Amino acid sequence: MAKGLKKKFDDFLFDHEGAKTTFEITKSILACIVAAAIYSFGYRCFMLNIDPSLSLVGGGMSGFSQIIAKILEIFNVVKPDQIATWQPIFNYLLNIPIFIVGWKYVGKRFSIFTLLTVALVSFFTFIIPQSLLDLFSFNEDLLARALFAGICTGIATVVGFKFGTSTGGFDVVSMAVANKKSTNIGKYLVIFNGLVLIGYTLTSYIYFEQNPLTKEIVDEITGKTTTITLTNPALKLFLFSAIYLFTNALMNDFMNKRFKKAQIQIITTNENMSNILISQFPHGCTVMNGKGAFSKKDKLVIYMVVSSEEVQKVVSLVQVADPNAFINVTTLSQVYGRFYIEPFK
């Protein structure tokens, strides 16, 4: 029954172009809100959190904005407790050039919704209540913070890509490169964000050398208080920030099906099967003659490469055209040659 309702709804949208456009825009706006909320939650609660001195570095423009804030701290322009106020502003301003890259190399509608998402990220990061920060105030557990931050921001990125938007920064640059090379974006995120991580580590090291962390130890017997200087935490933050970046990249590659591909092998007796397939999907196919070893009947063996999102649609179509067809699906790591990926609008 659900499939029948979905088909009627799809048929209605097909016949009403205005309603279809409105529906797609509404979905994208809702995706912007959801992606921004999830990203802001992961970024503010697990990366910045309460203690500014223990902030992990984000990737992309959010990471660059942290570097700028840290440089301003070094020169005493801003105080550590003001980072959460200035960072969202820097993040939004730095994403304007990224918006231009997305407009030119990815898609106009994609860029507009990305700009909206980045604005919402900055807004949500700014208004997150103190009570929520207190709830997740495990500052010293850097591993938990790195993992949860990577999961949240990774999910936010995938949600955005699914509905034609992004959380900005290097996600847009990685998407442009991946569109050109037709491959997963995770490795590009690691490369781009790794450069940001190195820059933030250098500025953090300089800052902590100028403003070393101290800890007071009270002698239980004499009651005397001794202040000791802690080791510069820049390297430790570097290691856990790297864990965050890898977690974020893995979430993108694991959940983002846009650049994943599969080879479908179809063994059928329907001579029109290849025409049916290429009329419904923007991909070519290869047809070979075969013969069944048991039945001794002539068969057609069809090879077709599709995106992972299209696999179930292809299987359903083949089963309607030939209920007796044998279908084999193989996951691919990479393809070379011309493979069509529907561009963002």
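**Contacts, helices and cores**

Q: What share of the chain's contacts with a separation of 6 or more comes from residues 24 or more positions apart?
A: The share is 74%. The model is a predicted one. The chain has twelve helices and six strands. Buried residues make up 43% of its 345 residues.

Q: Why are α2 and α7 called roughly antiparallel?
A: Their axes cross at roughly 165 degrees. Angles over 145 degrees count as roughly antiparallel. The pair is therefore roughly antiparallel. Helix α2 covers residues 17–48 and helix α7 residues 142–162. The axes come within 8 Å, and the crossing is left-handed.

Q: Which residues make α2 and α7 meet?
A: From α2 they include Ala 31, Val 34, Ile 38, Phe 41 and Met 47. From α7 they include Arg 145, Phe 148, Ala 149, Cys 152 and Val 159. The residues of this contact divide into 16 nonpolar, three polar and one charged. Gly 42 and Gly 160 are also in the contact. Gly counts as polar here.

Q: How is the crossing of α7 and α10 described?
A: The axes cross at roughly 35 degrees and come within 8 Å. The crossing is right-handed. The residues of the contact divide into 15 nonpolar, seven polar and one charged.

Q: What makes up the largest nonpolar core?
A: This core has 43 residues. Met 47, Leu 56, Val 106 and Tyr 244 have the most contacts inside it. Helices α2, α3 (60–74), α5 (108–127), α7, α8 (170–181), α9 (186–210) and α10 (234–255) each supply at least two residues. The largest share, eight residues, comes from α2. As background, nonpolar side chains in soluble globular proteins tend to be buried together.

Q: What does Met 47 touch?
A: Leaving out residues up to four places away in sequence, Met 47 touches Gly 42, Leu 54, Ser 55, Leu 56, Val 57, Gly 58, Arg 145, Ala 149 and Tyr 244. Each of these has heavy atoms within 4.5 Å of Met 47.

Q: How do α11 and α12 pack?
A: Helix α11 (residues 273–280) and helix α12 (residues 311–321) pack at an angle of about 145 degrees. Their axes are 11 Å apart. The crossing is right-handed. Met 273, Ile 276, Leu 277 and Gln 280 of α11 make the contact with Val 314, Leu 317, Val 318 and Ala 321 of α12. Of the contact residues, seven are nonpolar, one is polar and none is charged.

Q: Why does Val 318 count as buried?
A: Its relative accessibility is 1%. Buried means under 20%. Val 318 therefore counts as buried. The residue is found in helix α12.

Q: Which residues does Val 318 touch, not counting those up to four places away in sequence?
A: They are Ile 266, Met 273, Leu 277, Ala 325 and Ile 327. Met 273 and Leu 277 belong to the α11 side of the contact with α12.

Q: How many residues lie between Val 318 and Ser 274 as a separation in sequence, and what is their distance in space?
A: They are 44 residues apart in sequence. From C-alpha to C-alpha, the two are 9.8 Å apart in space.

Conventions
Residues numbered from 1 in each chain as written. Predicted model: local features only at pLDDT ≥ 70, side-chain atom pairs only at ≥ 80, totals over all residues. Heavy atoms only, no water. Axes fitted to C-alpha atoms, helices over the stretch in contact; angles between N-to-C directions. Helix = DSSP H or I, 4+ residues; strand = E, 2+ residues; numbered from the N terminus. Parallel < 35°, antiparallel > 145°, perpendicular 65-115°, else oblique. Left-handed = near helix turned anticlockwise from the far one by under 90°. Core = buried A, V, L, I, M, F, W, Y, C linked by side-chain atoms within 4.5 Å. Buried < 20%, exposed > 50% of the residue type's maximum accessible area, 1.4 Å probe, protein only.
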